[in-house]
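Student: Hi, could we go through this one together? I have it open and would like to ask things as I go.

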Amino acid sequence: MSMPSRFFTSLILLSIALATAFFTGNHFMSLYEREPVVKGPGVTRVGKLSDYFPKIKNTVADTNVYFLEGSEPGATVVVFGGIHSIETAGMMSAVLLVENAVVKTGRLIVVPHSNESAFTHNAPSEGYPSRFTVKTSWGSRRFRYGDRLTNPVHQWPDPEIYVHYPSGDLQADFEVRNLDRAFPGRPDGGYTERVAYALTELVRKENAAMTLDLHEARPMNPIVNCIIANERAAEIAAMAVMDLGMQGIKMRLEPSPKKLRGMTHRELGDHTQTLAMLMETPSPAMDKLHGRADESLILTGKDEFFRSADHRRLLYAAYGQNGYPLEERVGRHLASVTVLIQLLAEVHSDQKVEVENIPEYKALQENGIGSFLRMPQKD
Amino acid sequence: MSSLSQTSQVTIVFSVILVAYVAAYRLLKFGNPLSMLFAALIGGLVSDFGLLDLARHLVEGSFTFLNIVLIIYTATVFIYVQKLSGGLDAIVRDLILYFHAKPKILVVFLMFLIMLPPAFTGPGADGIFAFGAVVSSILLAMGLPLVKVTAFIALGGTLGVFAPPVNIPAMIIAAGINMPYVGFVIPLVFVTIPLAVFCALALSLKHISGPVDVDAMLKNLPPIPTRMKGIRVYLPLIAVIGLMLSGRAMPHYVPHMGVPLVFVIGTFIALFLGGRINFLKASQVAFHDTFPINSILMAVGALVQIMSLTGVRGLFVLSAITAPSFFLYLAIFIGFPLFAGIFTSFGAASVFGIPFMLALLGRDPIIATIGLSAISIVGNLMPPTAALGKPAAIVAGYRDAYLNVVKVSAVPLLAILVAGICLVIFADAFRFIRL
């Protein structure tokens, strides 16, 4: 190649690279814009996670903590969404609680975006959409999809091997950025451990009687459509599973493994006073089996590959006629939350929490999630 | 395409990606990395994704192996500076003097030497870059051809990935089926040691059966600077291995700095031990030599992202896990290592290892997981990525066709594959090695 030709080729390639960097850079930075969560009629105040651990103030880790307080004194229930941001039904269920629930007795404390950093990026090689849109009667709401792990921009590099604190349990390297492997956390640990510490402090300082962590799992994962309960919460979880079954919502009870460390149901149950439980609904987008990865997969959960896998009995969450729609997954979470709150007072008479207006399973199927989302007002 | 079934649509997309790759590589002479990027772009466009959306996916995907790219570059600079300082030749001289009378023990020792860092830290590149240069110099001096030396180092690195206590593919698979990484160490010891001994001897026995001429071996070594003696010779290596292992030994007290920074610190120490070194030149040469493998890694990341986006990855997974038992074993035996040649053993463990293990549930999960992890590590030598094979070639200075490395590794790789598939199929029968 002659010198001028080489020069122009280089110039063209450099221009393409710069244009790509400019566009994609803007896109990646746009993921730092947080979507609004509208204060519903039950929200009495909005706090910050940094109120429990000031070291994270003015960092990406800080996030809103929504208080829904009743007029009558009672116990406190904490709900975490977005510990894994791609487990969409967990975050959406928490948002619907904030925007709809009204507490009569006791308190409900909701953190919809527990790991804010995880919402600011997508995992390389996964091909996930950055956002998804939920249609409503007044327009639409956009939500970030994110990643299961903390953004490496906020915690990097990963060690060769992750050693959980304080148990010393060995886990794969990337788990160091997995918030649900970091509990109870450390005030002087890495970003993810600090967020876990702040959330643990919230549970401890607010004297939460019960903590519900809303997740999703791969349909090929045996731990799906279930409530995973710390042994102290096993009784109430078992009762909830029966109650849900009577409503036609099949959830299984899974004991929290003692040797799998860092998860909320294990560590919050062991290190705080709370009854710790974690719920899992099926999300096909999380499974490597999925076909085209787009917004539709997140919202409808429809994918032919899962039907084929279900025919061969390879799934632990049956692929129904309608796939795994988000309405069904959110409905499952909210029905579980409702039942567990009701049972708390039955099992522990001094720990009453009464909550009204949580979107019901059937109503979500019939009307869609959009009908329970409020229109954000411009400040 | 919307009237077609999902399987047909995705199959068409995959075919288009293949055709685009071949066209770019053969007709347009784009070279391997650019051909992969081109194929990824065409695959995305055919799937009806917009150009701007695809730009984001291609950039995002190219970050998949960022850590490996950084390790390869910084470690290569470390080795080059070690060579220029004379430290590497001094270590080779010492090892030849200590072990020349027992060449069989020496080659087995060298195999374990490469395996040592990744056994504790995970990635095989740690061992290849820490000890690969030393080992290659000794093996060359012993009379092994360069292609076999490259294979030896690559196999050492990949067996280090498999070796206990830290077997990351097994960890990834175990985490994927919610199984704690507990009870793996003893069975891994039982499988790793015979495989390592076999691989070391299979590659070298033909060349080390005769008497070793120590004087001739030492004469072939370049002159070593007079300052290079005693502890100075070993300081950079001690620093690198020490920093790697200290983070592992005291994870909650030693700040984790990452392997690239460890190699930078090792390089910094090596710079001041021997004679004058042109650091700028060494880093430029290292960049030039590592550019081919690093550009392939980035392009593979982008291609994998598009395969995930368009559903091609899902089609592969579905085909693998829905196959009848015989074909499932065949997919594990042949398909798994080949895909690990694209995704690396870590990536393949995540993409295929977990679904495979789920399809294999009902047998001893620890032994079956160990078997799958053994098969996955074979992929570290498989093109196009050859995540450990190509770094081994850089370290050994091998510049001929990479496929020759795969050819001379055939017997050891087959041994690993057979051991792996036996552990998978007869997992329950092998339960006794858990003790």
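Student: Is B:Phe49 buried or exposed?

Tutor: Keeping in mind that this is a predicted model, B:Phe49 counts as buried because 20 other C-beta atoms lie within 10 Å, and the cut-off for calling a residue buried is 20 or more.

Student: And where is B:Phe49 found?

Tutor: B:Phe49 sits in the loop of chain B that lies between α2 (32–46) and α3 (51–62).

Student: Which residues is B:Phe49 in contact with, leaving aside its neighbours within four places in sequence?

Tutor: With those neighbours set aside, the contacts of B:Phe49 are B:Gly44, B:Leu54 and B:Leu309. As for B:Leu309, it is 260 residues apart from B:Phe49 along the chain, and yet 9.3 Å separate the C-alpha atoms of the two.

Student: OK, what about the largest nonpolar core, how many residues has it?

Tutor: The largest nonpolar core has 280 residues, and those with the most contacts inside it are A:Val77, A:Val79, A:Leu108 and A:Met277. The element that gives the most to this core is helix α16 (residues 325–359) of chain B, with 17 residues, and the core also draws at least three residues from each of domain 1 (1–48) and domain 2 (66–161 + 185–290) of chain B.

Student: How far apart are the centres of those two domains of chain B?

Tutor: Taken over C-alpha atoms, the centres of domain 1 and domain 2 of chain B are separated by 40 Å.

Student: Back to A:Val77, what does it touch?

Tutor: Not counting residues up to four places away in sequence, A:Val77 touches several residues, among them A:Leu108, A:Ala208, A:Met210, A:Ile341 and A:Val353.

Student: New topic: how many residues does the contact take from chain A and from chain B?

Tutor: The contact takes 39 residues from chain A and 51 residues from chain B. On the side of chain A that touches chain B, the elements that give two or more residues are α1, β7 (161–163), β8 (170–172) and α7 (304–311), and the residues of that side divide into 19 nonpolar, eleven polar and nine charged.

Student: And how many buried residues are there in α1(A)?

Tutor: The count is zero among its 28 residues, so α1(A) is hardly covered. This helix, residues 3–30 of chain A, reaches 40 Å from its first C-alpha to its last, which is close to the 40 Å expected at 1.5 Å a residue.

Student: Last one: how do strands β5 and β6 of chain A run?

Tutor: They run antiparallel and are joined by six bridges, forming a hairpin with two residues between the strands. Within this pairing, A:Thr133 has A:Arg142 of β6(A) as its bridge partner.

Notes. Residues numbered from 1 in each chain as written. Chains lettered and ligands numbered in written order. Predicted model: local features only at pLDDT ≥ 70, side-chain atom pairs only at ≥ 80, totals over all residues. Helix = DSSP H or I, 4+ residues; strand = E, 2+ residues; numbered from the N terminus. Expected span 1.5 Å × (residues − 1). Buried ≥ 20, exposed ≤ 12 C-beta atoms within 10 Å, placed from the backbone. Contact = placed C-beta atoms within 7 Å. Nonpolar A, V, L, I, M, F, W, Y, C, P; charged D, E, K, R; others polar. Domains from an automatic or database assignment. Core = buried A, V, L, I, M, F, W, Y, C linked by C-beta atoms within 7 Å. Pairing = 2+ DSSP bridges.
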